[in-house]
Every structure is written in C-alpha cells, then in structure tokens.
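Subject: Structure for your review

Dear colleague,

Please find below the structure that I am handing over to you.

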Amino acid sequence: MQSRNTPPTRAGGRPRSAEADTAILEATRQALVDLGWTRLTLGDVATRAGVAKTTLYRRWAGKSELVVDAVAELFDELELPDSGSLATDIEGVVLQFAALLGRPETKTALMAVVAESTTDEPLRERIRGSIVDRQKRLVLAGRARAQDRGELPVEPDPASAARTADLIFDVIAGAVVHRALVSAEPVDAEWARRFTWLVLGGLSAVSGRGPEPGTPVPAHDGAP
C-alpha cells in the first residue's frame, strides 16, 4: 500500500492528489457513521468528498478496500510514548488505542470490515497488511527501547524475536478490542495499569526472566 504522504503517479495518468485522498477517506468514515455498512455506496462517498465517482474507482476496487484504508489512516495516528519506562509506555498506547476505538467512525468501520472479512480472504489479507502489520511498528519500537534500557533482553534469534513481537501485538490489541468493542467495558487508567502488569509478567516468562507459564506470580508491593 502506498504512503499517504507521497501519492504515487499513475502510469500514463495524472499524479494522485493527497487532498482528494484525504477528503475521500474522511467522507468514507462519516458516511459509515451516518448510513452504516449496508447503505454505504461509493457514489455517496464521492458526493460527500466532492469528487467524481470515477476518481474512487481508479483508487479502490470496491467499498471493502476503501473502508480498510479509511480505518488504516485512523490507526496511523497512534504513537508510542517515550516515557523512559516500558510499563508506562504500554499504558500510554493502551489508553490511546482505547480512545481511538471509542470514536464512532473507528468503531463502525472496524467492525464492518472485520465482519465482511470472515467470508472474504482477500479482504482479510488487506486488513492484515494495511492495519495489523503496519501497527506492529509500535511493538517493535517499544521493545527496542526497553531492550536499550535493559528492561528486556535481546532475542538473538530473529525468527524467535518475530514470533514474540507477534504475540505481544496479539495480546495487547486483542485484549483492548475485546474490552472496548465486544464487552463494551471502560478501558480506563486503572484497567490499563492492571493489564500492563499482567503483560509484563508474561513478557518476563517469555524472555526467560520469570517463572514458567502457569506458575502463580507471587504478590508484591504495587501488584494489582
């Protein structure tokens, strides 16, 4: 997927307009909130964005791909804090993520494309590439900082390190999405703190610093 910052030039055509892309994606998110997935059409998005419908068809094959890109742009707003502590970095990302999921346009768009992807493998691959793989940057950056600070050991085996990064992402993203969108429970500072304590205990076990999985973690000052 091409970067939003440097729109590519189509072979034999005019350069893509960053302003048009921004307007289209914003119109897509608003149309989803107003109309829902079923009633959303590319024609409605084009009208809201002030562009010709052919402009959308030159960029996206259909509304599934368009909505994925509209969601991906929102997730690109997430930033990793640099607080000097892995625990507070995790808490910061969790709270940012929950706030993003609380926005009507994010909630509507994400749940719509995930539901559609259950019977659409190409759409599932687009979600993985445009949203999941891109947001793993936060895990990689956070882990690298923690390793530089001596909070986590470096995993010398690249394959093992990649599997660990996938696991960290799945645990954090899965828990926050389930809490915010499935259970519809608040993700507040207290929940984020307790969740972070649980994640750090798991990271210690995975990295070999802590007990084997399944071993009770002893209580200590500051534990939930």
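How many aromatic pairs does the structure hold? The structure, which is a predicted model, holds two aromatic pairs. One of them is formed by W191 and F195, whose ring centres are 5.0 Å apart and whose planes make an angle of 10 degrees. Planes under 30 degrees apart count as stacked, so this pair is stacked. Both residues belong to helix α9, which covers residues 189–206, and because they are four residues apart in that helix, about one helical turn separates them. W191 and F195 are both buried.

A further aromatic ring has a charged partner. The ring of W37 has the charged end of K63 sitting over it, at 4.7 Å from the ring centre.

I turn next to the helices α6 and α7. Helix α6 comprises residues 104–117 and helix α7 residues 121–148; their axes come within 8 Å of each other and cross at roughly 135 degrees. The two helices are therefore oblique to each other. On the side of α6, the contact is made by V113, V114, E116 and S117, while α7 contributes L123, R124 and I127.

Two residues of helix α7 may be described individually. V132 lies in this helix. Is V132 buried, partly exposed or exposed? Its relative accessibility is 25%, so V132 counts as partly exposed. Not counting residues up to four places away in sequence, V132 touches I127 and F169. I127 is also one of the residues that α7 contributes to the contact with α6. The C-alpha atom of V132 is separated by 9.8 Å from that of D166, a residue 34 residues apart from V132 along the chain.

R143 is likewise found in helix α7. With a relative accessibility of 12%, R143 falls under the 20% limit for a buried residue, and R143 therefore counts as buried. Which residues is R143 in contact with, leaving aside its neighbours within four places in sequence? They are L152, E155, A161, T164 and A165.

Yours sincerely,
A colleague

Terms used. Residues numbered from 1 in each chain as written. Predicted model: local features only at pLDDT ≥ 70, side-chain atom pairs only at ≥ 80, totals over all residues. Heavy atoms only, no water. Axes fitted to C-alpha atoms, helices over the stretch in contact; angles between N-to-C directions. Parallel < 35°, antiparallel > 145°, perpendicular 65-115°, else oblique. Contact = heavy atoms within 4.5 Å. Phe/Tyr/Trp six-rings, centres within 6.5 Å; stacked < 30°, edge-to-face > 60°. Buried < 20%, exposed > 50% of the residue type's maximum accessible area, 1.4 Å probe, protein only. Lys NZ or Arg CZ within 6 Å of the ring centre and 35° of its normal.
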